[in-house]
Amino acid sequence: MVATGKGASQGVLIKGGNALEKAHKVKIVVFDKTGTLTVGKPVVVSTMVFSDMPIQEFCEIAAAAEVNSEHPIAKAVVQHAKKLRQQYGLNSEHITEAEDFEVHPGSGVSGKVGDKLVLVGNKRLMAARNILLGTEVEDYMSESEQLARTCVLVAVDGRVAGALAMTDPVKPEAEQVISFLKSMNITSIMVTGDNWATATAIAKEVGIVKVFAETDPLGKADKIKELQLKGLAVAMVGDGINDSPALVAADVGMAIGASTDVAIEAADIVLIKSNLEDVITAIDLSRKTLARIRLNYVWALGYNVPGMPIAAGILFPFTGISRTKNHCTLKIPGDLLDILTLSKR
Ligand code: ADP
Ligand code: MG
């Protein structure tokens, strides 16, 4: 109770003693990429249209499909469409919403914009709908990935109409946190739904060696279970709906404060300040609390082991002192004695 209170005062919300107890055993911390290791505010840096659709119409369609999504990528697409409007001298901020909107966690979104069926997402989403990419699209994607950009494809009526590439910088504290965890004998791993090239580039930037990329939400949970099979306690740090199964599967699930409600609900610990340094705070708090509890056991044992035989009169043969009726030296205040005597009568 004291530790959870201390944690809360430092912005680490621990949901009960179980999470606090498990956190001291953690040997592996698995980090999600987008929004956890990265700032989570991607910005569109390049757009490519593969059809004869005007670029503004293309961005409007993509934004209409994304406007109801909570994903950081969706926010970047909407923001980009708004910026383009300003460049074209249009003042309206209103984005038309797609009908039949659907979220595909870890791969993208879909919906109907006017009479067009629109998909916005990654290669996996396109493959699931049997949409062919073509060499032009593949080339643009690998070019973006080499630059550590996340490339999002937009398909209209079953054909890739264009793509948007975005960058999302890593959090300033990320590298230091990973190296500090290493000094605590804790291995850091990255798991992401993004492509391998971007994931590897980001991992290198923060000092993570082991990466699992192109994983869907259930795949993330499977990776956690695989690591647990090695007999190691695993913590998962994430922010999205797509991280929720992994947050539940982990021994300790940590959601950063800026997470979606589903992730916060699924986690055992919430890092309110969204600062990765609090991963260390949570583990350190758990280690110190358990050490203190053990020390308290030693004190209690040290006091009771000699104390109880003495209370039972083990020293009587040597000292002549025992806690019998005649020898009791307990001083009872006069008033209390009166009450006791009266009640006895
Ligand atoms: P991470 O695991 O890094 O947090 P996600 O699992 O949320 O990433 O997403 C994995 C990939 O799925 C993204 O890199 C992106 O390509 C695609 N994706 C997910 N949500 C969206 C969306 N709303 N719009 C476009 N693409 C998306
Ligand atoms: Mg994420």
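**Before you start.** This is a predicted model, in which local features need pLDDT of at least 70 and side-chain atom pairs count only at pLDDT 80 or more, while totals for chains, interfaces and linings use all residues. Residues are numbered from 1 along each chain as its sequence is written, chains are lettered from A and ligands numbered from 1 in the order in which they are written, and side-chain values use heavy atoms, with hydrogens and water left out.

**Stop 1: the magnesium ion.** Select ligand 2, a magnesium ion, and then Asp32 (OD), Thr34 (O) and Asp239 (OD), its protein donors at 2.2 to 2.3 Å. Donors here are N, O and S atoms within 2.8 Å of the metal (3.2 Å for Na, K and Ca); water is not among the atoms, so sites may look incomplete. Along the chain, the spacing of these donor residues reads D-x1-T-x204-D. Aspartate 32 belongs to strand E2 (residues 26–32), and aspartate 239 to the loop between strand E11 (233–238) and helix H11 (244–249), so the pair ties together parts that are 207 residues apart in sequence. Helices (H or I, at least four residues) and strands (E, at least two) are DSSP runs, numbered from the N terminus.

Are the two aspartates buried or exposed? Aspartate 32 is buried at 3% relative accessible area, and aspartate 239 is buried at 12%. Buried means under 20% relative accessible area, exposed over 50%, and partly exposed in between (1.4 Å probe, protein chains only).

**Stop 2: a cavity.** Now select Lys33, Thr34, Pro42, Ile73, Thr150, Met166, Thr167 and Asp168, which line the largest cavity. Helix H3 (33–37) and strand E8 (159–167) are the elements that give two or more residues to this lining. The cavity's volume is about 40 Å³. On a 1 Å grid over the protein atoms alone, a cavity is a set of points where a 1.4 Å probe fits but cannot get out, and a pocket is an open set with protein on both sides within 12 Å along at least five of seven lines; lining residues have an atom within 4 Å of a point. Grid points are joined across faces, edges and corners, and a volume is the space filled by probe spheres set on the points.

**Stop 3: a pocket.** Move to the second largest pocket, with a volume of about 250 Å³. Its lining includes Met1, Lys6, Leu20, Leu285 and Asn296. Helix H1 (2–9) and helix H13 (277–311) each supply at least two lining residues, and H13 has the largest share, with 6.

**Stop 4: along H13.** Pick glycine 307 in helix H13; at 31% relative accessibility, this glycine is partly exposed.

**Stop 5: two backbone spots.** Most residues other than glycine have a negative phi. Asparagine 130, however, has a positive phi of about 55°. Look for asparagine 130 in the loop between helix H6 (123–128) and helix H7 (134–146), where it is exposed at 69% relative accessible area. Aspartate 157 also has a positive phi, near 50°. Aspartate 157 sits in the loop between strand E7 (150–156) and E8 and is partly exposed at 47%.
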